[in-house]
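Here is a short report on side-chain interactions in one protein chain.

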Amino acid sequence: MELSKSDLISGRKFITGKWYPVYVVNFFSNDLAHIPVSEWKSDDGSDLGVLGFEFRADNTLTVTNSSTGTVIEGDWKQTDYLEYEWNVTEFDDLPESQFLKNVKKLMVVEGVLAFSIGFLTIALQKEKE
């Protein structure tokens, strides 16, 4: 699909800003409930709420982890009307696979950005402008 100039402007306006995880959907659940990120803990006890994604108008992005102080730089592009792709150098060490394609693909679903990690979908909500 060829995106028009107005599609790209609209898409850039939509994604530019700071986004934070708000809920997780586990596709193995019976009801596909939206689980708040505060309830989805990693092995070290932190939740996904420590992550932040800042998409800038120049197609660069920063991913931060406030619990570890980690900052990862990358880039993004719009691939379709309601789809984007993000990339960070950490992905370069991973073999190409459907898993990696799903992680890198951002979809607009019900006003949030979402990406998949295996059987989980992580929903990101934009910080108020």
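## Salt bridges around Arg-56

Arg-56 and Glu-54 meet through their side chains in a salt bridge, at 4.0 Å from N to O. A salt bridge here is a side-chain nitrogen of Lys or Arg within 4 Å of a carboxyl oxygen of Asp or Glu. The model is predicted: local features need pLDDT of at least 70, side-chain atom pairs count only at pLDDT 80 or more, and totals for chains, interfaces and linings use all residues. Residues are numbered from 1 along each chain as its sequence is written, and side-chain values use heavy atoms, with hydrogens and water left out.

Arg-56 also forms a salt bridge with Glu-73, where the closest N and O atoms are 3.3 Å apart. Arg-56 lies in the loop between strand 3 and strand 4, and Glu-73 lies in strand 5 (residues 70–80), so this pair ties together parts 17 residues apart in sequence. Strands (E, at least two residues) and helices (H or I, at least four) are DSSP runs, numbered from the N terminus.

Arg-56 is partly exposed, at 25% relative accessible area. Glu-54 is partly exposed at 29%, and Glu-73 is partly exposed at 44%. Buried means under 20% relative accessible area, exposed over 50%, and partly exposed in between (1.4 Å probe, protein chains only).

## A further salt bridge and the network

Glu-83 pairs with Lys-105 in a salt bridge, the closest N and O atoms being 3.5 Å apart. Glu-83 sits in strand 6 and Lys-105 in strand 7, so the pair ties together parts 22 residues apart in sequence. Glu-83 is partly exposed, at 24% relative accessibility. Lys-105 is partly exposed too, with 29%.

Shared partners join Glu-54, Arg-56 and Glu-73 into one network of salt bridges. The count of salt bridges comes to three.

## The nonpolar core

The largest nonpolar core has 22 residues. Such a core is a set of buried Ala, Val, Leu, Ile, Met, Phe, Trp, Tyr and Cys residues joined through side-chain atoms within 4.5 Å. Ile-15, Phe-53, Phe-55, Trp-86, Leu-106 and Leu-113 have the most contacts inside the core. Elements that each supply at least two of its residues include strand 1 (17–26), strand 3 (51–55), helix 2 (98–104) and strand 9 (120–126).

## Aromatic rings

The whole structure holds seven aromatic pairs. In the pair of Phe-53 and Trp-86, the ring centres are 5.6 Å apart and the planes stand at 85°, so the pair is edge-to-face. Rings of Phe, Tyr and Trp (its six-membered ring) pair if their centres lie within 6.5 Å; planes under 30 degrees apart count as stacked, over 60 as edge-to-face and the rest as tilted.

Phe-53 is in strand 3 and Trp-86 in strand 6, so the pair links distant parts of the chain, 33 residues apart. Both residues are buried. Phe-53, Trp-86, Phe-91 and Phe-115 form one aromatic cluster.

## Asn-65 in strand 4

Asn-65 belongs to strand 4. Asn-65 is buried, with 19% relative accessible area.
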